[in-house]
Amino acid sequence: MTLDIKICGLKTPEAVAAALDGGASHVGFIFFEKSPRHVSAQTAGVLRQAARGRAQAVAVSVDADDAALDAIVEAMAPDMLQLHGGESPGRVEAVKARYGLPVMKAFAIREAADLAEIAPYRGVADRFLFDAKPPRGAELPGGNGIAFDWRVLAELDADVDYMLSGGLNAGNIGAALGVVSPRGIDISSGVECAPGEKNPDLIRDFFRAVRSAHANDAALT
Ligand SMILES: O=C(O)c1ccccc1N[C@@H]1O[C@H](COP(=O)(O)O)[C@@H](O)[C@H]1O
């Protein structure tokens with residue numbers, strides 16, 4: 001089975017190149033001003049060019065209104081929208097209809113009971129992303145480098161299409177993939193040498209670790 005790999009929070013051509021050369025299926029750009037990974041729609045529009053024909057470009061926003069999303073979609077032309085806030089099922093539906101783009105809806109997970117939240121989004125969101133709950137008082141809803149107990153995902157129906165996220169890195173991805181079988185994985189701070197500063201060597205290390213965990217999977221994309 002193929003495993004999608006999303007490298008998120010890219011800000012430089014070097015980081016985008018490392019992600020694409022490693023074999024990323026998705027590259028993510030953050031539109032959230034409090035984040036050290038925030039980029040303007042114009043910058044993302046330039047950076048995402050390198051991904052054309054190689055990977056899906058994902059725009060990550062948090063409770064963004066139509067005006068903000070209009071600007072992102074126009075300048076960046078993303079292939080997918082990641083909604084990482086408290087967007088309702090109705091809002092997800094409206095966003096999909098307005099832009100004609102697939103939506104990945106993020107959820108913060110700490111325990112199995114948190115998975116109940118996805119029920120009204122089934123058949124609405126194209127894909128789910130499971131991230132750890134941010135610590136109390138955290139400024140960021142994601143990108144905190146915190147993992148959750150992956151075993152809680154055992155409660156999910158096998159047909160749920162999701163990306164695993166939250167505190168992944170080269171050191172723990174093998175263990176994570178030994179516990180769960182997501183269709184994709186998503187990493188941001190685990191390939192940084194400082195908040196918001198992607199390190200191409202760490203990106204390469206991550207792909208090596210994924211490939212070694214997936215040694216029998218010839219079709220890794
Ligand atoms: O990375 C950010 O700064 C960010 C800001 C706002 C919403 C989402 C954000 N990142 C997402 O967080 C997860 C996991 O990140 P990490 O690997 O634990 O650092 C990932 O889905 C990013 O898309």
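## Terms and basis of the model

Helices (H or I, at least four residues) and strands (E, at least two residues) are DSSP runs, numbered from the N terminus. The structure is a predicted model, in which local features need pLDDT of at least 70 and side-chain atom pairs count only at pLDDT 80 or more, while totals for chains, interfaces and linings use all residues. Residues are numbered from 1 along each chain as its sequence is written.

## Annotated domain

The UniProt record, an unreviewed entry, carries the annotation "domain: N-(5'phosphoribosyl) anthranilate isomerase (PRAI)" over residues 5-208; such positions are given in the numbering used here, feature names are shortened, and annotations may be inferred rather than shown by experiment. Over residues 5-208 the chain is 27% helix and 22% strand, and the end C-alpha atoms are 12 Å apart.

## The barrel

In the order E1-E2-E3-E4-E5-E6-E7-E8, 8 strands close into a barrel with parallel pairing, where two strands count as paired if DSSP finds at least two bridges between them. Strands of a sheet pair through backbone hydrogen bonds, either parallel or antiparallel.

Strand E1 (residues 4-7) runs parallel to E2 and is joined to E2 by 2 bridges, with isoleucine 7 standing opposite valine 27 in E2. E1 also pairs with E8 in the parallel sense, over 4 bridges, and here isoleucine 5 stands opposite isoleucine 185 in E8.

## Strand E8 and its neighbour E7

Both faces of E8 are covered, since Gly184 and Asp186 on one side and Ile185 and Ile187 on the other are all buried; a residue is buried if 20 or more other C-beta atoms, placed from the backbone, lie within 10 Å of its own, exposed if 12 or fewer, and partly exposed in between. Strand E7 (residues 162-164) pairs with E8 in the parallel sense over 2 bridges, and methionine 163 stands opposite glycine 184 in E8.

## Surroundings of the ligand

The ligand is surrounded by 27 residues, the closest being Ser35, Gly142, Gly143, Ser188 and Ser189; a residue counts as near if its C-beta atom, placed from the backbone, lies within 6 Å of the molecule. Strand E2 (26-31), strand E6 (127-132) and strand E8 (184-187) are the elements that give two or more residues to this shell.

## Proline 13

Proline 13 has its place in helix H1 (residues 13-22), and this residue counts as exposed because it has 12 C-beta neighbours inside 10 Å. The C-alpha atoms of proline 13 and glutamine 49 are separated by 9.9 Å, although the two residues are 36 residues apart along the chain.
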